Amino acid sequence: MSDTTTDDSPQNGPVLAADGTPLRRSLARALRRQKLRALMLIAPLLIFIMVTFILPVADMLYRSVENGIVSETLPRTVVALADWDAGGDTPPDEAVFAALAADIQIAAEEKTHTKLGSRLNYENPGMSSLFRKSGRQVQRWDLNTDGPFKEKFLDIDDDWGDIDVWRTIQTYSPAMTSGYYLAAVDMQLGADGPEMRPENERIYLKLFGRTLMMSLAITLSCIALGYPVAWLLANLPMRTSNLLMILVLLPFWTSLLVRTSAWKILLQQQGVINDILVWIGLVSDDARLVMINNQLGTIIAMTHILLPFMILPMYSVMQSINPSYLRAAKSLGATDWTAFWRVYFPQTVPGIGAGSILVFILAIGYYITPALVGGTTGTFISNRIAFHISTSLNWGLAAALGGILLAVVLVFYWAYDKFVGIDNVKLG
Amino acid sequence: MLDQGSDDFVVFDKVQKSYDGQTLVVKDLNLSIGKGEFLTMLGPSGSGKTTCLMMLAGFETATHGDILLDGQGINNIPPHKRGIGMVFQNYALFPHMTVAENLAFPLEVRKLGKSDREAKVKRALDMVQMGDFANRRPAQLSGGQQQRIALARALVFEPELVLMDEPLGALDKQLREHMQFEITRLAHELGITTVYVTHDQTEALTMSDRVAVFNDGRIQQLDPPDTLYEEPKNSFVAQFIGENNSLEGTVKELNNDTAVVQLDDGSLIDCRPVNVKQVGDRTKVSIRPERVEYRSERFQEGAHLLKAEVLEFIYMGDVFRTRLRVAGRDDFIMKCRNAPDQIRLKPGETVNIGWMPEDCRALDA
């Protein structure tokens, strides 16, 4: 700043530019064009990410708690049912049934009653057919003359007298529900609040546990296999290491399906590995190893597929380690092993961390490979999510499972940041 | 050279080194370093000095010849068993350890007890005046501080021999001069033998007991700094050490300790024959800028003088630096001390210059 400006500006109060406007505003104006241009440059990417990533994720997360369908389809019933005591053992009275008749008649006309049926069927199996059956008949009733309706409903199906049916309708009448999330952790909304599902209906906690354990196993085997390769890449002469790099990247560029199918051929009971083991006599012909369609198959195939994600960050970190550290350690009296373990290895931890985060997060949400080689015991939670998305069409539950998966990943990320520090991660 | 101990604590005996099997990086190196001596290997990059240091440290193996440490061949001893302290160009302080952990590292691998370790680390840190920095990480230290820690780490396990590979290269001028003094002081106080590699000739001259000038894989001259500067044995050394004026010519007359050389423009000069064998030899004569004289009252009777035209006068504070055109060359430098009686020459002036015959050395062409 020139002397004149300093002298002109008052001692207290904002610093002024030459023309008397506050310096801050003048600076903002000068930078506005620049900022605008920068924004224009990233706008295509920003819009693309908004439309294809952030909005869908937000929509799915909303679906995991959204439950408007009950109060929209059965508005009168929901109001009438509010006073009913779900803890008692009598079904609701005539007023509720009359409201239900009115609601179903409108719903049947708009053909929304079957949708409601399948929604409630997730919580209480059998309700889908109950609604479909009732819809057909209620349409023929005259609301003004045909009462009382309680009897007529019970004539259609005895289930309308079942307290559980009414409990389900009442529990799921609010516009928001925790039901999907509870289902995703093997719980349900009972009369006295959340409770565990019966032993034989619990699957998701086990699946989450298995997904985490197997992702951990895959991450660890990637570290064990990737570390020496990364070391070679960083320390071999340029020509050899370039060749090795191509070998590392070649599978990376090969289709995922091809690689997974290749593992099928190698690992199956009549496959290449078993054939060789039988041929050299290590394994007898009637006791061929089962290496696929189980957890082992998933771990082997996924380790192979995710290995480059471990090797590349490790390599970039190792490449930046000056060889003089090892020399210094040896000149100070350390053996090769001590020099490696005390001096080299600690400096590669950021690379291991970056690779592990990448591999673990990719593994935890992996879908194709477990589906192809996992059999029944080697599938992941993501396979279950896919099932709910495309087969059972229970998107709410799929969204809840996905939401939990997202939360788990964020928790791991947070924990890593807390204990190792995310700025220690080096990707290149 | 210091008086204590034997003269051949470290011996290179006919050592050769080749990396590719085609060219020799080090050619027939013979060198003895006395105990407690501070020896500097000086030379341009690629002259083989660092390779020699690495062979001594054990990171490179000699292709031929023996290296002896305290009378024992060390060719087959791995680096970690040689017990040689080393300071690296980039310091190589372990970034994931604190200063104290860095210093304790060589003691730990030698399985010293904890209290012993702490005492030695503290003593080493105090020695380099870094006692307050024990718990810092290397990245939190300035270049000069890192340099001190690297020095302390190389000395903490009390090695008898310390190698330094251009340790001051990354420091600014003032700090470098200060550290030069520190290092020589420590080396002499502790009585350790030091082999110091540098391409900075000032550093070599100010620090060393002896300097080995390397070029082209050979030691060109091995002498104390003053001898090296005043009595270079060949043109390379004369040119490499200090500032030098070099004039080409042919030997005209040759006696025992004087010679007359005819320069290429025909003028004659007196000089001392060093590296010339007979009359008619081509030679490069070497004369230091501060030994050139232009005031006639200082010349000896009958001395040969040269005509010189002043091209440039540069005021440098303590000295005046005058660039002259002499015998057809316009890069002849004359340095005069800034004294009250000194004349400031002006560009365009013509003067006669001359020198004592013993200051002008006729070297190899």
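Modeller: Domain bounds come from an automatic or database domain assignment. For chain A, that assignment gives domain 1 (3–61), domain 2 (69–177) and domain 3 (204–424). The C-alpha centres of domain 1 of chain A and domain 2 of chain A lie 57 Å apart.
This is a predicted model, in which local features need pLDDT of at least 70 and side-chain atom pairs count only at pLDDT 80 or more, while totals for chains, interfaces and linings use all residues. Residues are numbered from 1 along each chain as its sequence is written, chains are lettered from A and ligands numbered from 1 in the order in which they are written, and side-chain values use heavy atoms, leaving out hydrogens and water.

Biologist: What makes B:Cys271 buried or exposed?

Modeller: Buried means under 20% relative accessible area, exposed over 50%, and partly exposed in between (1.4 Å probe, protein chains only). B:Cys271 has 0%, so this residue is buried. B:Cys52 also counts as buried, because its relative accessibility is 0%.

Biologist: Why are H7(A) and H9(A) called roughly perpendicular?

Modeller: Angles of 65 to 115 degrees count as roughly perpendicular, under 35 as roughly parallel, over 145 as roughly antiparallel, and the rest as oblique. Helix H7 (residues 127–138) and helix H9 (residues 163–171) of chain A pack at about 95°, with axes 12 Å apart. H7(A) and H9(A) are therefore roughly perpendicular.

Key:
Axes are lines fitted to C-alpha atoms, for helices over the stretch in contact, and angles run from 0 to 180 degrees between N-to-C directions. Helices (H or I, at least four residues) and strands (E, at least two) are DSSP runs, numbered from the N terminus.
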